[in-house]
Amino acid sequence: SSVTPDSAVLVLGAGPIGMMIVAALLHRCAEQKLTCTCKYEHQRLAMLRLFAAFGAPHCRAVGVEDPSVENSSYNIVFECVGGVAPTLAQACAAVHKGGEVILLGLFCKDPPPALPADQLLWKEASLVPSMIFNATSCCCGGSVSRVVDFEEALKVLASRPSLGDILVSHTVELQEAPKAFEMAMNKTVSSALKVVVHCGPALPKPR
């Protein structure tokens, strides 16, 4: 995307993708003007911790229905939810004239959500789909990815090791993998952010 330090950025969604987008943006520029929508209170609190880790108290974590979101005031909008959420329409309502909507979430509705083409047309805004979780410089549909996501993520984590404690809320052993999916699917009960399945030797029990 064409994010600059002066861009007003909106990140829709505070799950693992949204959290890492925020971390990557602040890693590049801690002064980035950034707002993130959070569906759950534990996501909002984690996002505030993430802002603090980068020394970015000017950033905002707001609810998904915050009235400031859909006011056409953001140069760049990252859609990080997908699923059955109404966030594609929300992103197109939030983007400023001439701005960009970066589509990262994978929608699983049938039929898929309607594209608000009229808003994109009136605003002359761009819709930019982006493939994520690239482990190598892979070729997808004839185009070669120039960025290896996992390498970039490791650089961000290496620069601030404390991010792991913010981003990873639960760790389970391999034999408990079904439990990991249960926690990830029921965030209101588990307060899960990122659930990691540990595949190596058993972790020592906390004292």
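Okay, let's start where two helices touch: M19, V22, A23 and L26 in helix 1 meet A46, M47, L50 and F51 in helix 2, where contact means heavy atoms within 4.5 Å. Helices here are DSSP runs of H or I with at least four residues, strands are E runs of at least two, and both are numbered from the N terminus. By class, this contact has 8 nonpolar residues, no polar and no charged ones; nonpolar covers Ala, Val, Leu, Ile, Met, Phe, Trp, Tyr, Cys and Pro, charged is Asp, Glu, Lys and Arg, and the others, Gly among them, are polar.

A word on the source: this is a predicted model, where local features need pLDDT of at least 70 and side-chain atom pairs count only at 80 or more, while totals for chains, interfaces and linings use all residues. Residues are numbered from 1 along each chain as its sequence is written, and side-chain values use heavy atoms, with hydrogens and water left out.

Now, the core. The largest nonpolar core has 30 residues, meaning buried Ala, Val, Leu, Ile, Met, Phe, Trp, Tyr and Cys joined through side-chain atoms within 4.5 Å, with buried being under 20% relative accessible area (1.4 Å probe, protein chains only). V22, M47, L50 and F51 are among those with the most contacts inside this core. Helix 1 gives the most to the core, 6 residues.

L34 is worth a look too: leaving aside neighbours within four places in sequence, L34 is in contact with V9, V11, V22, L25, F51, C59 and R60. Apart from that core lies another, of 17 residues, including L10 and F107.

Terms used: Buried means under 20% relative accessible area, exposed over 50%, partly exposed in between (1.4 Å probe, protein chains only).
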